[in-house]
Amino acid sequence: MALYSWYRKRIKSILNIEYLDVVIDILKELENLFGNLIKMRKEIKLRDYQEEAVQSVFKNIVKWNRLICLILATWCWKTILFSFIAKKAVEWGKKVLVLAHREELLTQAKWALEMIIPWKKIMIEQGASRADLDSDIIVASVATLGREWS
């Protein structure tokens, strides 16, 4: 609640807002949301089979120097799993490109990546939304990436 009272004082001192209580309620909700996201990030641990899959991906990349296709069943946390793979790749100094074919999947991927690797620059390239070239991770739609200017 410390953040709440700080925002309330700050808003009152800077702005003359008619609906201050509505703004304060929104800020409280945001504080709760971000607090929960931080808590979730600390609690995420891969299961043994997921950790084994991540290790297998990197072992095969190093051994064969090839692209790897990892196939998992439904409800195996594929989005979180590839976020851990991307984290390791970024730690190795590599750039990461995540491809998806629907807007919901792009948003989901970006959310998961930001939860696992919040200190890296992660951007979506889709339609008119262009990712910066200096991004560590780009989440892109297949259709947009196939365009000439992308």
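This is a predicted model: local features need pLDDT of at least 70, side-chain atom pairs count only at pLDDT 80 or more; totals for chains, interfaces and linings use all residues.
Residues are numbered from 1 along each chain as its sequence is written, and side-chain values use heavy atoms, with hydrogens and water left out.

The protein contains six helices and three strands, where helices (H or I, at least four residues) and strands (E, at least two) are DSSP runs numbered from the N terminus. Along the sequence these elements follow the pattern α-α-α-α-β-α-β-β-α. Of the 150 residues, 28% count as buried, a term that here means under 20% relative accessible area, with exposed meaning over 50% and partly exposed lying in between (1.4 Å probe, protein chains only). Contact means heavy atoms within 4.5 Å, and among contacts between residues at least 6 apart in sequence, 55% join residues at least 24 apart.

H4 has 14 residues and reaches 20 Å from its first C-alpha to its last, close to the 20 Å expected at 1.5 Å a residue, the expected span being 1.5 Å times one less than the number of residues. Its buried residues are Thr 79, Ile 80, Leu 81, Ser 83, Phe 84, Ile 85, Ala 86, Ala 89 and Val 90, and these pack against helix H3 (48-64), strand E1 (96-100), H5 and strand E3 (137-141). An α-helix has 3.6 residues a turn, so residues three or four places apart point the same way.

Trp 77 lies in the loop between H3 and H4, and although Trp 77 is not a glycine, it has a positive phi of about 65°. Trp 77 counts as partly exposed because its relative accessible area is 38%. After H4 comes Gly 93, whose phi is also positive, near 90°.

Two packed helices are described by the angle between their axes and the distance between the axes. Here axes are lines fitted to C-alpha atoms, for helices over the stretch in contact, and angles run from 0 to 180 degrees between N-to-C directions. The axes of H3 and H4 come within 10 Å and cross at roughly 40°, which makes H3 oblique to H4; angles under 35 degrees count as roughly parallel, over 145 as roughly antiparallel, 65 to 115 as roughly perpendicular and the rest as oblique. The contact is formed by Gln 50, Ala 53, Val 54, Gln 55, Val 57 and Phe 58 of H3 together with Leu 81, Phe 84, Ile 85, Lys 88 and Ala 89 of H4. By class, the residues of this contact of H3 with H4 divide into eight nonpolar, two polar and one charged, where Ala, Val, Leu, Ile, Met, Phe, Trp, Tyr, Cys and Pro count as nonpolar, Asp, Glu, Lys and Arg as charged, and the others, Gly among them, as polar.

Helix H4 (residues 78-91) also packs with helix H5 (residues 103-116), at an angle of about 55° and with the axes 9 Å apart, and H4 and H5 are therefore oblique to each other. In this pairing, Thr 79, Ile 80, Phe 82, Ser 83, Phe 84, Ala 86 and Lys 87 of H4 meet Gln 108, Ala 109, Ala 112, Leu 113, Met 115 and Ile 116 of H5. The contact of H4 with H5 has nine nonpolar, three polar and one charged residues. On the H5 side, the buried residues are Leu 106, Ala 109, Ala 112, Leu 113, Met 115 and Ile 116.

Ala 86, in helix H4, counts as buried because its relative accessibility is 3%. Not counting residues up to four places away in sequence, Ala 86 touches Val 96, Leu 113, Ile 117 and Ile 137.

Leu 99 is placed in strand E1 and is partly exposed, with a relative accessible area of 48%. Leaving aside neighbours within four places in sequence, Leu 99 is in contact with Ala 140, Val 142 and Leu 145.
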